[in-house]
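Hi everyone, thanks for coming. Let me put the structure up, and then we'll walk through a few spots together.

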Amino acid sequence: MYKGVGSKEIVVKMGKAGPIGYLGTGGVPLAQVEESIRFIQKELHRGEAYGMNLLCNLQDPQIEDETVDLFLQYGVRNIEAAAYMQMTPSLIRFRLKGIHRNADGEIIVPNKVMAKLSRPEVADLFMSPAPESILQKLVQAGKLTSEEAALGREIPVAENICVEADSGGHTDQGVASTLLPAIMALRNEKMKKHGYQKRVRVGAAGGIGTPEAAAAAFIMGADFILTGSINQCTVEAGTSDAVKNMLQEINVQDTDYAPAGDMFEMGARIQVLRKGVFFPARANKLYDLYIHHNSLDEIDEKTRKQIQEKYFRRSFESIWEETKDYWLKRNPEEVAKAEKSPKHKMALIFRWYFGYSTFLALQGDEEHKVDYQVHCGPALGAFNQWVKGTGLENWRNRHVDEIAKKLMEETAALLNERFQRFQQG
């Protein structure tokens, strides 16, 4: 969960209990990520599992590369690769650094990758060996040895594939019952084609908030499950109490879809909280304006005034000055492009709202609650109904390790009960 909502406290709690948790590094400054790694490694010093999210960043590949540098520096062994549509040198470098053969000739791969995805063509990339062009580039740059590259041709980029159905945050609105079997079939095909030594595991995520949902995933053949939304409404989650208070009240119908701020122009979608906020409606309005206009000047005066006074509470001009300063530090080409293209300038100004709405939610700004952007799927609504009337109804009693244990234990009990019923006819 990005922006540190998947917090260092979640990772430690899960690690000490047995499951693995992943730190949400997306949108978090590297210095803060480094501080969290140190905290996690201090707390989990007995071999407990932990992982870090690695977010694909095609707009600014340097961020991804510097994140991998940090992971390798601190000996991070598990990553959750998210938002990848193609393989990148940074991802391949993490995967293959330190790969070797032992005395028995077995390939030893220190660094593990779990790929979160929702499309078969992306699964195909992760289940295949690293692209030859990237391997050669990394060897030429001295970032991989010839031996590491050679062994990289014999293993998949990821040995764990997490099939993400209609989840909170970025989503392709996939259906688990169709996605999971298709990608498991692809796994079997890739195993046969490449003759890997170890079986590629396929797990499930998205919509899992109750024992029934988890049981359905395991019956379909999932090797593991990954939960997200239900962990956001816990003591350990790295978001505000105000957001948690809102989330514990939602039902399954209380989410909606909106444009993704980081891929605004592409029309990518995210699933977010709808109950009690205006963010989905306002974000969709901004995208609609972007699609139908070539500049801010083309928008009628009444709508321009509404956006500046009601949505942004600031003028377009002041937002552009702030946005321009940001991009001059990160990628000056964005500013140059915006100065030549009024439509691109409009997109950058509109994208400011997505960062602003996330900041409001993380800070728990009560005055501007209607603009909270909270990534969430209906799994949390189902979870809320499941624990209604129990000690877990209030989020202040919810801890990620206890939720994981309760979910898995009750899933096992449910499966046993169903199997016995089937056997009895």
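So, find alanine 115: across from it, in β7, stands isoleucine 161. Strand β6, residues 112–117, pairs with strand β7, residues 160–164, in the parallel sense over four bridges. For us, strands are DSSP runs of E with at least two residues, helices are runs of H or I with at least four, and both are numbered from the N terminus. Two strands pair if DSSP finds at least two bridges between them.

Quick word on the source: this is a predicted model, where local features need pLDDT of at least 70 and side-chain atom pairs count only at 80 or more, while totals for chains, interfaces and linings use all residues. Residues are numbered from 1 along each chain as its sequence is written, and side-chain values use heavy atoms, with hydrogens and water left out.

Zooming out, the open sheet has seven strands in the order β1-β2-β3-β6-β7-β9-β10, with parallel pairing. Which strands stand at the edges? They're β1 and β10, and each has a single partner strand, so one side of each is left without a neighbour in the sheet.

Now for the rings. Phenylalanine 312 and phenylalanine 350 have ring centres 6.5 Å apart and planes at 65 degrees, so they're edge-to-face (rings of Phe, Tyr and Trp, with its six-membered ring, pair with centres within 6.5 Å; planes under 30 degrees apart are stacked, over 60 edge-to-face, the rest tilted). Phenylalanine 312 sits in helix α13 and phenylalanine 350 in helix α16, 38 residues apart. Both are buried, meaning under 20% relative accessible area with a 1.4 Å probe, counting protein chains only.

Note on methods:
Buried means under 20% relative accessible area, exposed over 50%, partly exposed in between (1.4 Å probe, protein chains only).
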